[in-house]
Amino acid sequence: MSGASDAECPGGPPPLADRLLVLVAAVALVDRDGRVLIAQRPPGKSMAGLWEFPGGKVDPGETPEQALVRELHEELGIETASGCLAPIAFASHAYEKFHLLMPLFACRQWQGTPRPREGQVLKWVAPVELARYPMPPADLPLVGLLRDLL
């Protein structure tokens, strides 16, 4: 086996350079009908109007799972446990000012009914329909993967 060069495998992200590496955890909440919950970013936020998987930044001292338990409570008013979150994929995307590393988890068990608590619009979507919703660039590679997994 020989080593691959950038010329042989083009399209990778540029070097990190002076950009910050940002760790954000996301979750595909899957209901009994196999639909996935997505949230539309509210006006005033970066990438407003785009749809995304719930989640948020991992704070110092937190695991991605702990961050999701916290974010799901804050954003949607639901409760779950770290053990109910199964890692299924991750995204690595170079934005202009930072590089995003985003583990994606699946969750099928939670308590409560998801409700928008931060001005976002929520929608339950069949995995085959996810591609119809405009999403941030980092989320896009996860759409096909979710469609195939779920």
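R41 is buried, its relative accessible area being 16%. Here buried means under 20% relative accessible area, exposed means over 50%, and partly exposed lies in between, with a 1.4 Å probe and protein chains only. The structure is a predicted model, in which local features need pLDDT of at least 70, side-chain atom pairs count only at pLDDT 80 or more, and totals for chains, interfaces and linings use all residues. Residues are numbered from 1 along each chain as its sequence is written, and side-chain values use heavy atoms, with hydrogens and water left out.

R41 takes part in a salt bridge with E52, with 3.1 Å between the closest N and O atoms. E52 belongs to strand β3 (residues 51-52) and R41 to the loop between β2 (36-40) and β3, so the pair ties together parts that are 11 residues apart in sequence. A salt bridge is a side-chain nitrogen of Lys or Arg within 4 Å of a carboxyl oxygen of Asp or Glu. Helices (H or I, at least four residues) and strands (E, at least two) are DSSP runs, numbered from the N terminus. With a relative accessibility of 22%, E52 counts as partly exposed.

D139 is found in the loop between β7 (121-125) and α2. D139 is buried but has no salt bridge, and R41, the nearest side chain of opposite charge, is 7.9 Å away. Leaving aside residues up to four places away in sequence, D139 touches E52, F53 and M102. A contact is counted when heavy atoms lie within 4.5 Å.

**Salt bridges**

The structure holds eight salt bridges. Three of them are listed below.

| Pair | N to O distance |
|---|---|
| E52 and R41 | 3.1 Å |
| E62 and R70 | 2.7 Å |
| E74 and R70 | 3.4 Å |

E74 and R70 are four residues apart in helix α1 (residues 64-76), a separation of about one helical turn. Salt bridges with shared partners join D59, E62, R70, E71 and E74 into one network. R70 is partly exposed at 22% relative accessibility, and E74 is partly exposed with a relative accessible area of 35%.

Taking Lys and Arg as positive and Asp and Glu as negative, with His and the chain ends not counted, the protein has 14 positive and 18 negative charges, and their mean positions are 7 Å apart. Each charge is placed at NZ of Lys, CZ of Arg, CG of Asp or CD of Glu.

**Fold and overall dimensions**

The protein has two helices and seven strands. Along the sequence these follow the pattern β-β-β-β-α-β-β-β-α. The radius of gyration is 16 Å, close to the 15 Å that the globule rule gives for 150 residues, so the protein is as compact as a globular protein of that length. That radius is taken over C-alpha atoms, and the globule rule is 2.2 Å times the number of residues to the power 0.38. The C-alpha trace spans about 50 × 30 × 30 Å along its principal axes.

Of the 150 residues, 37% count as buried. The protein exposes about 8700 Å², of which carbon and sulfur atoms supply 55%. Accessible areas come from the Shrake-Rupley method with a 1.4 Å probe, and for residues only the protein chains shown count as cover. Among contacts between residues at least 6 apart in sequence, 66% join residues at least 24 apart.

In helix α2 (residues 140-149), the residues L142, V143, G144 and L146 are buried. The cover over the buried residues of α2 includes β1 (20-29), β5 (85-94) and β6 (98-107).

L29 lies in strand β1 and is buried, with a relative accessible area of 0%. Beyond residues up to four places away in sequence, L29 touches R35, V36, L37, L72, L76, I78, C107, W110 and W124. L29 and F53 are 24 residues apart in sequence, and their C-alpha atoms are 8.3 Å apart.

V121 is in strand β7. V121 is partly exposed, at a relative accessible area of 43%. Not counting residues up to four places away in sequence, V121 touches I38, A39, Q40 and W51. V121 and A91 are 30 residues apart in sequence and 23 Å apart in space, C-alpha to C-alpha.
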